[in-house]
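Thanks for coming. I will go through one structure, starting with a few backbone details and then moving to the pockets.

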Amino acid sequence: MNDDLKIPREGELDFLSLGALVHRLDPGIVPFRKATECQIHVSGGEFNVAANLADCFRLRTGIVTAMVDYPIGELVAERVRAMGVKPFYKRFEHDGVSGPNIATVYSDRGYGVRAPVVFYNRSNEAAARLKPGDFDWNEIFRGGVRWFHSGGIFAALSPTTAELIIEGMQAAKAAGAIVSFDLNFREKLWKISGGRDRALEVIGRIVEHVDVLVGNEEDLQRGLGIPGPEVAAKSKLDPSAFFGMIDRVVEKHPQIKVVATTLREVYSTSRHCWGAVAWVGGQTHMSLTCDLDVHDRVGGGDGFASGFFYGLLAGESPEEALKLGWAHGALLTTFPGDTSMATVEQVRAFAKDGSARIQR
């Protein structure tokens, strides 16, 4: 499989992400309208994958993004360093009043029958100002990059961010890197960025450059305009609907070699059943499933993607790579925050042995 993907064996960086850094305010199980204190997590759909691959899986990773020179920027930059990710920043000066800003995500954890609530302040976001020409891709790729990644959250921020993704992907292709994209369709972001029609047009152009796609049935329908599955899924853990759409995805984008996603049945905010599936070069693979006691669900999908990408980068079989993604995503939901606190040894042990609650 890895020969089909043609992953470079060497490079100064194993993995490079392009996306926005954000800080997430987390009051725990208390809703914001009653909150008196918050934890601060540094996050970003694209950054999380690079951070997980560096901290948990010990790969050499980087992030191409915006940085603002003010105290929140300093906090974010410190966390980027702590996770072991090499930054490539376009720097912005803060005017002391209105920005530009590093975006804020507000997300409580919910509890039991009460779902988490997520909302944003992305007003005057520095990352939304990023545009083609802001980065010297030849310099960034000079030492070799094995894998390049971006996602639908960054694509939705502004007209220029989508064009920057395409510029970065073209540079990655020219440098021989594998290119991946997480559809990560966010209704709230696209609604203020031109709506579904613009999403389809933008994502369609981006995906023309992609080898590895991450997204569930809803992402494929709303982000790529793929018709809904003819086969109705019996449950959220039934992969038939997802696999039923893959032929249409590949017919529309024949260069795609891998499509993968998580499967999640939510019993309550604190209790999920978790699985994952992948289509790799015409073959379908499904993980085991297990029940999760969820501490913080934010970042679980990014946790899956990073474990899955690690497996492929490490030369594992598609089946083993899927297990590693499934295991790491599961473990990530047991930690506070959006990025991993697991070790690669813990991930491999869980991927191998699962748990007492595995359903075969």
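One term before anything else: buried means under 20% relative accessible area, exposed means over 50%, and partly exposed is in between, with a 1.4 Å probe and protein chains only. What you see is a predicted model, where local features need pLDDT of at least 70, side-chain atom pairs count only at pLDDT 80 or more, and totals for chains, interfaces and linings use all residues. Residues are numbered from 1 along each chain as its sequence is written, and side-chain values use heavy atoms, with hydrogens and water left out.

Backbone first. Most residues other than glycine have a negative phi, and most peptide bonds are trans. Asn-124 is not a glycine, yet its phi is positive, about 50°. With 29% relative accessibility, Asn-124 counts as partly exposed. Asn-124 sits in the loop between β7 and α4 (137-140); helices here are DSSP runs of H or I with at least four residues, strands are runs of E with at least two, and both are numbered from the N terminus.

Asn-184 also has a positive phi, near 35°. Its loop runs between β9 (178-182) and α7. Is Asn-184 buried or exposed? At 12% relative accessibility, Asn-184 counts as buried.

There is also a cis peptide bond, between Gly-99 and Pro-100, with omega about 5°. Pro-100 belongs to the loop between β5 (85-93) and β6.

Now the pockets. On a 1 Å grid over the protein atoms alone, a pocket is an open set of points with protein on both sides within 12 Å along at least five of seven lines, and lining residues have an atom within 4 Å of a point. A volume is the space filled by probe spheres set on the points, which are joined across faces, edges and corners.

The largest pocket holds about 1600 Å³ of space. Its lining has 49 residues, and Asn-184 is one of those nearest the centre, along with Arg-186, Asn-216, Arg-264 and Arg-297. Which element gives the most to this lining? That is β11, with five residues. By class, the lining has 17 nonpolar, 16 polar and 16 charged residues. Nonpolar covers Ala, Val, Leu, Ile, Met, Phe, Trp, Tyr, Cys and Pro; charged covers Asp, Glu, Lys and Arg; the others, Gly among them, are polar.

The second largest pocket has about 220 Å³ of space. It is lined by 13 residues, and those closest to its centre include Val-42 and Met-341. Here β3 gives the most, three residues.

Key. 1 Å grid on protein atoms, 1.4 Å probe; cavity = no way out; pocket = protein on both sides within 12 Å on 5 of 7 lines; lining within 4 Å.
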